[in-house]
Amino acid sequence: MAGPDAELTAKLQPDVPHAARIWNYWMGGKDNFQSDRAAGDAVAEVYPEIVVMAQQSRGFLVRTVRYLAAEAGIRQFLDIGTGLPSMQNTHAVAQGIAPESRIVYVDNDPMVLVHARALLSSTTSQGVTTYVPADYHDPEKILVEAAQTLDFDKPIAVMYMGVLGYEPDLEVVRSIIGRTMGATASGSHLVFWDGTNTSPSVVAGAQRLADNGGVPYILRSPEDLASCFAGLTIVDPGLVPIPLWRPDDADAKGIDAYGAVARKP
């Protein structure tokens with residue numbers, strides 16, 4: 001392997017558990033190392049529902065993107081902290097409904113970027129799919145790079161899917177979201193979910209993750225997450241456990257992860 005992919009691969013740290021790879025393991029993927037599997041198993045010992053959460057997070061993504069493309073008329077998506085490619089990624093869902101959709105993925109993990117180059121290509125000739133190597137702590141860089149693909153004078157869906165829990169300061173989380181959404185046009189939407197401190201077992205699972213070398217994940221209350229939608233209009237059914245957001249399954253049950261979709265006036 002030569003060129004930029006070789007540079008990215010050289011940055012991999014297989015002995016250090018990494019959030020994107022642990023999540024990939026919980027989802028049944030193969031793009032992970034032993035350190036990731038060990039950390040993932042340690043969490044699952046005290047919070048077995050983490051595997052369900054990983055699977056349900058993909059369902060939430062599919063349903064929200066489907067809503068945005070089919071009902072809200074969104075044709076531009078900025079997926080920040082996308083993680084490793086899996087089944088039914090944002091571009092596949094959006095372009096399956098609106099072939100002209102334009103998607104920008106953002107992540108700073110070298111393994112994610114290597115896979116993005118190989119797998120995140122448009123599913124239609126009319127659409128555009130690209131990626132930006134950047135950290136979500138630098139919204140200004142993300143916005144500049146994304147503007148090469150997206151038209152910020154038109155509505156954009158900004159997506160933070162289970163990633164902002166890695167930022168320990170809630171005020172920083174609000175700032176990241178506010179700075180990103182502040183650059184978007186009226187009619188843009190925010191899609192945001194994160195894990196919540198709504199059961200003792202999920203709190204124990206988060207502690208086990210940190211104890212096993214994973215980056216600490218901050219579980220917040222639903223009220224804290226709701227504050228991140230300030231100035232936006234949350235669409236029905238509001239901020240709810242992610243399996244209960246417009247579920248396809250009438251028997252869907254809640255989990256310790258809340259999310260919502262909100263529109264910028």
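View 1. A helix here is a DSSP run of H or I at least four residues long, a strand is a run of E at least two long, and both are numbered from the N terminus. This is a predicted model, so local features need pLDDT of at least 70 and side-chain atom pairs count only at pLDDT 80 or more, while totals for chains, interfaces and linings use all residues. Residues are numbered from 1 along each chain as its sequence is written, and side-chain values use heavy atoms, leaving out hydrogens and water. H2 itself covers residues 19-26, and its buried residues are Ala20, Arg21, Ile22, Asn24 and Trp26. Buried means under 20% relative accessible area, exposed means over 50%, and partly exposed is in between (1.4 Å probe, protein chains only).

**View 2. The cavity beside H2.** What lines the largest cavity? Ala19, Ile22, Trp26, Tyr166, Leu209 and Val215 do, and H2 gives the most, with 3 residues. The lining has 6 nonpolar residues, no polar and no charged ones. (Nonpolar covers Ala, Val, Leu, Ile, Met, Phe, Trp, Tyr, Cys and Pro; charged covers Asp, Glu, Lys and Arg; the others, Gly among them, are polar.) The space inside comes to about 40 Å³. A cavity is a set of points, on a 1 Å grid over the protein atoms alone, where a 1.4 Å probe fits but cannot get out; lining residues have an atom within 4 Å of a point. Grid points are joined across faces, edges and corners, and the volume is the space filled by probe spheres set on the points.

**View 3. Strand S4 and its neighbours.** All 5 of the 5 residues in S4 (residues 157-161) are buried. Ala157, Met159 and Met161 sit on one side, with Val158 and Tyr160 on the other. S4 pairs in parallel with S1 (residues 76-80) over 4 bridges, and Tyr160 is the bridge partner of Ile80. Pairing takes at least two DSSP bridges between two strands. S5 (residues 189-195) also runs parallel to S4, joined by 5 bridges, and there Trp193 stands opposite Met161.

**View 4. Leu143 in helix H7.** Leu143 belongs to H7, residues 139-146. Is Leu143 buried or exposed? Leu143 counts as buried because its relative accessibility is 14%. Leaving aside residues up to four places away in sequence, Leu143 touches Phe152, Arg179, Thr180 and Ala183; contact means heavy atoms within 4.5 Å. Arg179 is 36 residues from Leu143 in sequence, yet their C-alpha atoms are 9.5 Å apart.

Definitions and conventions. 1 Å grid on protein atoms, 1.4 Å probe; cavity = no way out; pocket = protein on both sides within 12 Å on 5 of 7 lines; lining within 4 Å.
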